[in-house]
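Student: I have a protein chain open on my screen, and I'd like to learn how to read it. Can you walk me through it?

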Amino acid sequence: MGRESLNYRRGRSGRPYRRTKAEVFANETHCRRCGNPVDKSLPYKDPTTGKVNAWSKSYGHKVELDRNGNPYVGGLEHLHCNVAAGARYVNAKRSRKRLSAPGGTDSSHDWS
Ligand SMILES: [Zn+2]
């Protein structure tokens, strides 16, 4: 039932979301996740190497959208920090599933 919520359907498109993102890029200077300054002049991809620049700016949502996060609440993040947080979120979801499997003691995890 959570997936049918208003927030979810409003999703990532539409003018209010784009305006919020522009405001975040215009007004914020530091990464919300690691607290270090973000060089907003860094291109997403380095024009000389063609590689994605992990320290370029990105817009991160405060709460993941599939948990009814408000798409209009977010902040400036390094691309690297944004992606790392997303990966942690997905991994946490996966490991919760694995834990519920019968007899599954997973020694690769340190829960301390
Ligand atoms: Zn960061």
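Predicted model: local features only at pLDDT ≥ 70, side-chain atom pairs only at ≥ 80, totals over all residues.

Student: What is the mean pLDDT of the protein chain?

Tutor: pLDDT is the predictor's confidence in each residue, from 0 to 100. The mean for the protein chain is 78, and 62% of its residues reach 70 or more.

Student: Which elements does the protein chain have, and in what order?

Tutor: Helices (H or I, at least four residues) and strands (E, at least two) are DSSP runs, numbered from the N terminus. Here you get three helices and two strands, running α-α-β-β-α from the N terminus.

Student: How do β1 and β2 pair?

Tutor: Two strands pair if DSSP finds at least two bridges between them. Strand β1 (residues 57-61) pairs with β2 in the antiparallel sense, over five bridges.

Student: Why does L76 count as buried?

Tutor: A residue is buried if 20 or more other C-beta atoms, placed from the backbone, lie within 10 Å of its own, exposed if 12 or fewer, and partly exposed in between. L76 counts as buried because it has 24 C-beta neighbours inside 10 Å. L76 sits in strand β2 (residues 74-78), and four of the five residues in β2 are buried. Across the 112 residues of the protein chain, buried ones make up 12%.

Notes:
Residues numbered from 1 in each chain as written.
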